[in-house]
Amino acid sequence: MGQFILVPIIFFGLIILISSFFVVKQQTAAIIERFGKFQSIRHSGLQLKIPLVDRIAGKLSLKIQQLDVIIETKTLDDVFVRLKVSVQYKVIRDKVFEAFYKLDYPHDQITSYVFDVVRAEVPKMKLDDVFVRKDDIAIAVKSELNDAMMEYGYDIIKTLVTDIDPDAQVKAAMNRINAADREKTAAQFEGDAARILIVEKAKAEAESKRLQGQGIADQRREIARGLEESVEVLNKVGINSQEASALIVVTQHYDTLQSIGQETNSNLILLPNSPQAGSQMLNDMVASFTASNQIGEAMKNAKKNKKDDNSI
């Protein structure tokens, strides 16, 4: 009979013994209470408590946690915008007591502070400034939260404004403004390119005309030099300048006819093109040269007589 009573006592004793041991995970803090009063804080590892006297009141994670808060507010230019603020925080290892006993709902407390700061900062800015100065908003939130939550055992690691979402109509208007601005810029670039092309084309044409004129001038200069040398050669054999010039012109006339005749597909006709044309042209040139010489002699005599009259 005594053995049957001993077995339950031993079993009950084993249960109590086993319940006195507990394990705390890494980066976790366990709060131990004795008869409802705070007793101690236990960290990671195998821990011991008094059975039926001590109890685990709760556990807090010491890891970095993140809370995403979405706030809707109005900017200085009366645009409603939704902001997503991500708050990264953790329980301070030396202030587990404050974090566990002073706050029941830390998420709600952090959210309230984020709402308060964002709705105080964003209405001071225009919509464009909200996008540009989002880091300033995050810094303001972090500063306010650090001052408030440090007392409760929470350390604010970082705050980030991860999303800025204006009203759909405002976004559409911003896209239209951006598209119009880009089209304006593109039109300006196209106009500048067209203007540069016209200027460069005009410069190229002017340079081409200049070089063409220079080439023609050089050609005529060489032709004149060649004619001068031909006249000098003919003068050496007893042919005067007028006859030499006439002979050169007639020679060039027949050279032209010969070159035309060598081209079988040529359809050029040189007028006049009769056998008497050469002699007629020579007679006309000799007559013109004689007349020009006579006019030149008359002008010289007139100038000479005028000088004599002035001297008297």
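**View 1. Val114 and Ile137 in the largest nonpolar core.** Of the 35 residues in this core of the predicted model, Val114 and Ile137 touch the most other members. A nonpolar core is a set of buried Ala, Val, Leu, Ile, Met, Phe, Trp, Tyr and Cys residues joined through side-chain atoms within 4.5 Å. Buried means under 20% relative accessible area, exposed means over 50%, and partly exposed lies in between (1.4 Å probe, protein chains only). Two or more residues each come from strands E2 (28-34), E6 (65-74), E7 (80-91) and E8 (154-166), and from helices H2 (96-101), H3 (106-121), H4 (127-132) and H5 (134-149). E7 provides the largest share of this core, 6 residues. Helices (H or I, at least four residues) and strands (E, at least two) are DSSP runs, numbered from the N terminus.

**View 2. The contacts of Ile137.** Neighbours within four places in sequence are left aside here. Ile137 is then in contact (heavy atoms within 4.5 Å) with Leu83, Val118, Val122, Met125, Val130 and Val161.

**View 3. A cluster of aromatic rings.** Ring pairs link Phe38, Phe97, Phe100 and Tyr101 into a cluster. Rings of Phe, Tyr and Trp (its six-membered ring) pair if their centres lie within 6.5 Å; planes under 30 degrees apart count as stacked, over 60 as edge-to-face and the rest as tilted. The whole structure has 5 aromatic pairs. One of them joins Phe38 and Phe97 edge-to-face, at 5.0 Å centre to centre and 70° between the planes. Phe38 sits in strand E3 (residues 37-42) and Phe97 in helix H2, so this pair ties together parts 59 residues apart in sequence. Phe100 and Tyr101 also form an edge-to-face pair, with 4.9 Å centre to centre and 85° between the planes. Phe100 is partly exposed at 21% relative accessibility, and Tyr101 is partly exposed at 30%.

**View 4. A nonpolar patch on the surface.** Ile10, Leu14, Leu17, Ile18, Phe21, Val23, Leu46 and Leu48 form this patch, with about 820 Å² of accessible area together. Patches are made of residues with over 30% relative accessible area and no salt bridge, with like charges joined within 9 Å and nonpolar side chains (Val, Leu, Ile, Met, Phe, Trp, Tyr) within 5 Å. A salt bridge is a side-chain nitrogen of Lys or Arg within 4 Å of a carboxyl oxygen of Asp or Glu. Accessible areas come from the Shrake-Rupley method with a 1.4 Å probe; for residues, only the protein chains shown count as cover. Helix H1 (2-19), strand E1 (21-24) and strand E4 (45-48) each give two or more residues to the patch, and H1 gives the most, with 4.

**Notes.** Residues are numbered from 1 along each chain as its sequence is written, and side-chain values use heavy atoms, leaving out hydrogens and water. In this predicted model, local features need pLDDT of at least 70 and side-chain atom pairs count only at pLDDT 80 or more, while totals for chains, interfaces and linings use all residues.
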